[in-house]
Each structure stands twice: as C-alpha cells, then as structure tokens.
Amino acid sequence: MNAQLLLDGFEVPGVPTDGLFFAIFPEQAAAAQAVALAQRLKAAHGLRMEPHSQDRMHITLEYLGRFADLPTRLVKEASDVAAAMCCSRFDVELDHVMSFSGRAGHCPLVLLGREGTVPLKTFQLGLNMALKRAGVVRRRTPPFNPHLTLLYGKSVETAEISPIRWTALEFRLVRSFLGQGRYEVLGRWQMRSTC
C-alpha cells in the first residue's frame, strides 16, 4: 500500500508489526545512569518489571506510526527530510521522575526535565515542521512532552533526582519490532557544532 495513504488515515490491513519513529539516544554514560536509577526505583517501590536496557533508552521526537509492513517509501521520505536539516548540538538535562497514566500496574515511569529540555523542544518543533512541510506528517500531533521511559509498573510519585545530562550529537530514525523489544536504526544524522 502507498505510504502516503497510510498518513491520510487509512488503516493498514493486518496486525501492525513495525513502529517507526525519530529519536535521540543518550550518550553511554547517561544511559547507564538512567538504568541504574531505574534499578534503584524498582527496588524502592517494589516494581516487578525490568528496566529498559541501556541500548533502548531514548526520547521519541516524532512517532510516524505503526504498520503491518515497513513502508519503504515513508522511510525514504522521512530520511530525506532529516538529511536536509541543519541541526546544532544541544544539551539535555533530565531532573525528575514521575509516572504517566496507564493501565493498572503498567504505568510508564519516566524521566523528564524542565529548563534542561528547552533546546530539545526547539529541535523537535523544527523537525515536526519540516516533516509537515514535506507531507510526511499529516495528522495532528499532540504537544511534545520529552521523556525517557525507564520501565513500567505501578504509579510512583513525582520526585526530583540528581540530573542526568548529555549532549545530543545525533538523531536517528528507528524501526521498532512491535512486541519484541528490539529496535533497528534505519538512519542517523549528526548534529553540528554550529548551524
């Protein structure tokens, strides 16, 4: 099926097997800090589910959809938009944890930031607008609330943490194999020191 039709609200026949999204991933040290924090929170709150692995820690910038088969045309169009962007490096700082709402016992426990996510929000807005101008994103997108999911479990109260910081050096287009807990990076684009 034409990838363009997928974006206009038509359902893909069959059960979705693939997700497609843009994301930034923390540097190795920051990802390790996030996993260690998740382990501490799991123990402190009696959570049962395991934290995400270090290589799966990310902040989603733009979710392009779920598909019964990976739409190669959409991948190409999204990649072309990403390649045309001029992006400056920026710092990310996450300074508190909270649970998002979810089904009972399966709430996402996430890391968020305040002032430390302003440059990230600016970058995401630029990416979103570029994708919309190219016709890659046509649907109305919810407000961007940058977060890094640590694990799922019962709801946990909001708490301040020692900030986890890193410099965003690249962003990636990622294929998610739904229900399998694994990703495939389809493209990566470097940030520049100045743009």
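Here is a short chat about how the terms apply to this predicted model.

Student: What should I keep in mind about numbering and confidence?
Tutor: Residues count from 1 along each chain as its sequence is written, and side-chain values use heavy atoms, leaving out hydrogens and water. As the model is predicted, local features need pLDDT of at least 70 and side-chain atom pairs 80 or more, while totals for chains, interfaces and linings use all residues.

Student: What makes up the count of helices and strands in the chain?
Tutor: The chain has 4 helices and 8 strands, taken as DSSP runs (H or I, at least four residues; E, at least two) numbered from the N terminus. Along the sequence they go α-β-α-β-α-β-β-α-β-β-β-β.

Student: How many of the residues are buried?
Tutor: Buried residues are 47% of the 195, where buried means under 20% relative accessible area with a 1.4 Å probe, protein chains only.

Student: What share of contacts joins residues at least 24 apart?
Tutor: With contact meaning heavy atoms within 4.5 Å, the share is 78% among contacts between residues at least 6 apart in sequence.

Student: What is the mean pLDDT of the chain?
Tutor: On the predictor's per-residue confidence scale from 0 to 100, the mean is 89, and 93% of residues reach 70 or more. Over residues 1-11, though, the pLDDT is below 50.

Terms used: Buried means under 20% relative accessible area, exposed over 50%, partly exposed in between (1.4 Å probe, protein chains only).
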